[in-house]
Every structure is written in structure tokens, then in C-alpha cells.
Amino acid sequence: MPGIPMRNGGPKARIAVIPGDGIGAEVTPQAVKVLKAVCAPTQRPLEFVEFDWGADKYLREGVTLPPGAVEMLRDEYDAILFGALGDPRVPSNQHAADILLGLRFKLDLYVNARPVELLHDRLTPLRDRTEKDIRLIVFRENTEGLYVGVGGVFKQDTPDEIAVQEDVNSRKGVERIVRYAFEYARRKGLKRLCMSDKSNAMPFAHGLWQRVFKEVRREYTDIDSRHLFIDTLAMEMVRDPSQFDVVVTCNLFGDILSDLGAQLAGGLGLAPSGNIHPGQTSLFEPVHGSAPHIAGQGIANPLGSVLTSAMMLEFLGWRQEAETLRRAVRAGLRENCVTPDLGGKQSTAAVGDWLAERVGRADLAAQLK
Ligand SMILES: NC(=O)c1ccc[n+]([C@@H]2O[C@H](COP(=O)([O-])OP(=O)(O)OC[C@H]3O[C@@H](n4cnc5c(N)ncnc54)[C@H](O)[C@@H]3O)[C@@H](O)[C@H]2O)c1
């Protein structure tokens, strides 16, 4: 999918790789292999440095996000390629909260870009829908909302227990994601933008979204912008996804909506995302989690991670390589070189090998459509 503003556009890039837990540790090496291959014909120097942050390290050493990690990533790396975090041995998910939410918040990665693009007609569960009908992008606010961890529990484990989780929305935070979505639409020549909230039931938090949206949209009269409540939007995305180009919403709704979108386009195994602060070190990860029940079996779909890598290449300003990756994924889907979640018989590594071979040879890469 479509253009993400770049970090540097320079001739070389340094990537921090955090494979994480479960299938994150299985799909990420495949993406790295394919990335190395796609950069070989054009001789782009990509340097990868791997970090073992995740459940094993947490259980072994009690360390989640090491001290100084944020500054190191910010100052020494162009981008972060991330797998997934989540392990049944850590029921609190503390390490995931510290590492993933920590990086999103501390690197101020306020844009969570989640493209929903149907790459082969057979993959959508929607009847009579084709590739041309499902091609949109969800921009999820990524640093505020219900994910900031403000709240508490009172009288825990008693019949009078009370749990409070605050929804934090700042004018600055709302405005920058709404503006980013409009700018993206304009830059990509996309004509339709939809802002979604639940201001009818949450008049304080989402009343702010309403006010900011009304102000910002005045500057973008070239874009056909509208508002839908989140429940209506969820329904409309299933009923007729072709009516959407760009969707912008808050942290929680964007999280849920992008899984819905992922299913419309073939499932979580295929969905990419970028956690972006324009011009600064940004983090790219497949939308899926660590899927512990299929981890270790070699059947996880690596295509979400490979498409995520394409988004990362685009962010680095390497459009040609990004497009080659996407074409290779499309070719794999056409030829059914896919894992069992997409109805294929291939292993995670076999899909990675197949893609690496196609993108790594200039003659084969040139044949990709
Ligand atoms: N960004 C992240 O790191 C992230 C995101 C979501 C969930 N999680 C964590 O992951 C763990 C599992 O969560 P979950 O089960 O709700 O979500 P999940 O995304 O891990 O899995 C949901 C379903 O999709 C399938 N699936 C997901 N990715 C797949 C792939 N690449 N190939 C084939 N099938 C795939 C799984 O098998 C499962 O049936 C939890 O600990 C959760 O907190 C982490």
C-alpha cells in the first residue's frame, strides 16, 4: 500500500530487529531474509542488529525494555522491525506493555498506519467482493486514549471491587493524527476520509475529536470528509468496504477496526502496520500477536511481516524495493505458495525462501507483476 513519508531517503539504513515471542520469532527472520534479498540487486546497504527483548529475557533477567534502549534506538537506528510480544508464562503481559507500548509512547510514534488491502480475490470472506473493493488505510492514534495506563483498582477481589481506566485525549494528540490522515489522503490523491468516534456516548473525550475534526477539515475542502460513529463504521466496512479510502480514529477503535479490516483482506497473517513519527525512528510490525498455540510448528504466515517490511522500505525512501516485495507477495498468493492459514501447505521458512529467491535475482524480480 501506498506511501508512508520517509525517514531519510538516504543510501543506507540501520535497522533494529526485535523478533519477540512466539511466532514473532519465527516470521521476523523470514522478513529479514527477504529484505536482504530484495536489497541485493540494487546493492542497498541495510544493516540489521538483533535484540532479544521478550518473555525469555524477562523471565531470565527480569529485564523488559533495558535502560537507555529508547535513546539508543532513537539516535542510532533508522527503523525498528518488530515481531510480536505475548507469552502465556507472563500472564500480566508486563514485558509487552513495557517494550511495545513503551516504544510507541517514548518514541512518540503517534501514527499507527494499518493498510487493509485485498491482494487476491479468493482471500476475502465477503461475497462478490474483489481486489478493487478493499483498499483502504486505517490511521489509529497511537500514543493516547485508553492505552496510557491511567487508572486503578479499588477494593480488589471483594464484592465491592471497582476498576477505572481513563481515556486520555489531548487536543495536540487528536489534531496531529487527524491532520496526518488528511495530509496522507491529499498526498496520495485519495478523495474520501472518514473520522470515527463514539461522541454520542462519550461526549467529553470524543467531543474533543468532533471539535478538532470540524476545525481541521476546513483546511482540506478538496477531500470528501465525513464522520461515522464507530459501530456504524464497523458495520459499513463489512457491508461495503469500497466506500472507504482513509479512516482515522482513536487508539482503541483503531486497534479493533484494523483486525476487522485484516479479516476482510485475508486474515491476521497478512496484515502489516507501521508505528510512525514522521522523520524519526519508527517501528514496523505485523498486526498479529505471538499466537502461542501455533508457535514452534513452523506454520505461521510470514507475509504480514514481509508486507510490514515493504512499509518500512517505503518509509526509508526505497520505493522500488518496497514495490518488488509487494509484487512477490502477490505472486506467492497467485501461485498458492502460502501457509495453512491461507489454505496452503508451505512452512513459514519455505514461503520466506520462495520470496527471497524471486526478489533476490534481478531477472526474476523483473518478471514480478
Ligand atoms: N503487537 C503485538 O505484539 C501483539 C498484538 C496482538 C496480540 N498480542 C499478544 O499475542 C498473544 C496472542 O494473542 P491473540 O491470540 O489474541 O492474537 P494473535 O494475533 O496472536 O492470534 C489471533 C489468531 O490469528 C492467528 N494468527 C495470527 N497471526 C498469524 C500468522 N502470522 N499466521 C497464521 N495464523 C496467525 C492465530 O493463530 C490466532 O488464531 C497475547 O499474548 C497477546 O497479548 C501481541
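Mentor: We shall consider the sheet, then a pair of helices, then the ligand. Please bear in mind that the model is predicted.

Trainee: In what order do the strands of the open sheet lie?

Mentor: The 10 strands follow the order β2-β1-β3-β12-β11-β4-β5-β10-β8-β9, and their pairing is mixed. The edges are formed by β2 (46-50) and β9 (224-229), each of which pairs on one side only. On average, neighbouring strands are turned by 20° against each other, direction ignored.

Trainee: How many bridges join β1 to β2?

Mentor: Strand β1 (residues 13-20) is joined to β2 by 5 bridges, and the two run parallel.

Trainee: How are two packed helices described?

Mentor: One states the angle between their axes and the distance between the axes. Here the axes of α1 (residues 24-39) and α9 (residues 303-315) come within 8 Å and cross at roughly 45°. The two helices are therefore oblique to each other, and the crossing is right-handed.

Trainee: Which residues of α1 and α9 meet?

Mentor: From α1, Val27, Thr28, Gln30, Ala31, Val34 and Leu35 meet Gly304, Ser305, Val306, Thr308 and Ser309 in α9. By class, the residues of this contact are 5 nonpolar and 6 polar, with no charged residue.

Trainee: Which residues come nearest to the ligand?

Mentor: Of the 21 residues around the ligand, Gly86, Gly269, His288, Gly289 and Asn301 come nearest. The shell comprises 11 nonpolar, 8 polar and 2 charged residues.

Notes
Residues are numbered from 1 along each chain as its sequence is written. This is a predicted model: local features need pLDDT of at least 70, side-chain atom pairs count only at pLDDT 80 or more; totals for chains, interfaces and linings use all residues. Two strands pair if DSSP finds at least two bridges between them. Helices (H or I, at least four residues) and strands (E, at least two) are DSSP runs, numbered from the N terminus. Axes are lines fitted to C-alpha atoms, for helices over the stretch in contact, and angles run from 0 to 180 degrees between N-to-C directions. A residue is near a molecule or strand if its C-beta atom, placed from the backbone, lies within 6 Å of it. Ala, Val, Leu, Ile, Met, Phe, Trp, Tyr, Cys and Pro count as nonpolar, Asp, Glu, Lys and Arg as charged, and the others, Gly among them, as polar. Angles under 35 degrees count as roughly parallel, over 145 as roughly antiparallel, 65 to 115 as roughly perpendicular and the rest as oblique. A crossing is left-handed if the near helix is turned anticlockwise from the far one by less than a right angle, and right-handed if clockwise. Two residues are in contact if their C-beta atoms, placed from the backbone, lie within 7 Å.
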